[in-house]
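Good morning. Please look at the structure on the screen while I speak.

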Amino acid sequence: MPSLKDLKNRIESVKSTRKITKAMQMVAAAKLRRAQESAEAARPYAERMTGVLSNIAVSAKHNDDAPTLLKGTGSEERHLLVVCTSERGLCGGFNSSIVKLAKEHIAKLKSDGKKPTLLCVGKKGREQLKRDYEDLFIDPIIFEGVKRITYGEAEQVADVVLKSFDAEEYDVVTLFYAEFKSVISQVPTALQLVPASIPEVEGDAAAATQYEYEPDENALLADLLPKNVTTQIFRALLENAASEQGARMSAMDNATRNAGEMVDKLSIQYNRSRQAAITSELIEIISGAEAL
Amino acid sequence: MAMQVELVSPEKKLASMEAEVVGLPGSDGDFAAMPGHVPTATSLRPGVVTIKSGSETTEYLVAGGFAEITAESVSILAEYAAIRSEATRDMFDSVRTAAQAKVDSTEGMRKAEAERDLGEIDGLMKDLSA
């Protein structure tokens, strides 16, 4: 049975924890709105980019000298997994769910005899993957201190990916991030970057619009495909930023509620023991008086 | 007759409107797109995009990108874009640094292209206020 003083301290400490989680929830809510806005602002560009690319790619796919970024290197041996996670913790299962998906992929690739390599973007994912897969790491990219994700950050990641692909170090590049559905739902997603996964245009290739290309088709594709990689990474980073804040917000909301319940429970316990102490003191006084 | 024009950069959508004529800095030369244009996909060099809608003409500075033109629409995907009258030198500093890096890191035909782009950016930056 804890003493009254212990209980009182406990209640105070849970109360201050509740204040902190409440504050974090509100900060996350404010940040979420901004993150969501920039994610939405970036959407038209990504959508147009996919649209343009799929139009051109339909005719280029059957072309033998199409760029390797589009049709792949012809083998599927060496995989690069780009795992995007957050820089900070306390955001519920956000990082773990992305890492879990990545781990499943790694296990599958390994059992198929493929060679996976990991590029971690963000500190938290690296920490979680370090124990099992440190031997697969290449230099991670950490955006510590970056307040707002801009196109520049995406270019930084894309640079590493494209350079190593140009150097023919990998055959397939897959991007892992959490897609933002709503505040309570963030879906971990794996997106294949190289060879480019392009949605099939509806209708057969012959029905698609015939474009004039300026300069020629391959030069245009060679220009467009790296940009597509950057755009996809940019979109993933923005989705991640929104997801992170969403996950943090609901995690902190839960924590605040749990702390509230805890305070209630402890308060009842405190009041009961206080009452018990008073009662026993009274009994002592009364029985003392009676004895006289 | 008018066509739908969209100008988007990775960070936001800058314009979405009906227009009669769109002037584009294509990589093989400047050209104007009007309704009924042959479907064309072209890359852009750094330059000025002019969108003429009714009596209004808006000029945008773009730092390279792509344009997809069909008979009814023009989509411009600019890597970096700003309204010309609002653009400042600061905004283009990073663009210029990137172009300079490209000149330094490439060779041959590509280098010549990169040098041309850098020249275009310098030309654009000349008219900008600090």
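I shall discuss the interface of two chains and then one residue.

This is a predicted model, in which local features need pLDDT of at least 70 and side-chain atom pairs count only at pLDDT 80 or more, while totals for chains, interfaces and linings use all residues. Residues are numbered from 1 along each chain as its sequence is written, chains are lettered from A and ligands numbered from 1 in the order in which they are written, and side-chain values use heavy atoms, with hydrogens and water left out.

Between them, chain B and chain A bury about 2200 Å², of which 63% is on carbon and sulfur atoms. Buried area is the accessible area (1.4 Å probe) that two parts lose on being put together, summed over both. Chain A gives 23 residues to the contact and chain B gives 26 residues; contact means heavy atoms within 4.5 Å.

How many salt bridges does the rule find across the interface of chain B and chain A? There are two, a salt bridge being a side-chain nitrogen of Lys or Arg within 4 Å of a carboxyl oxygen of Asp or Glu. A:Lys227 forms a salt bridge with B:Glu79, with 2.8 Å between the closest N and O atoms.

Let us turn to the residue. A:Thr189 lies in strand S4 (residues 185–194) of chain A; strands (E, at least two residues) are DSSP runs, numbered from the N terminus. A:Thr189 is buried because its relative accessible area is 17%, and buried means under 20% (1.4 Å probe, protein chains only). Leaving aside neighbours within four places in sequence, the contacts of A:Thr189 include A:Leu101 and A:Phe176.

Note on methods: Helix = DSSP H or I, 4+ residues; strand = E, 2+ residues; numbered from the N terminus. Buried < 20%, exposed > 50% of the residue type's maximum accessible area, 1.4 Å probe, protein only.
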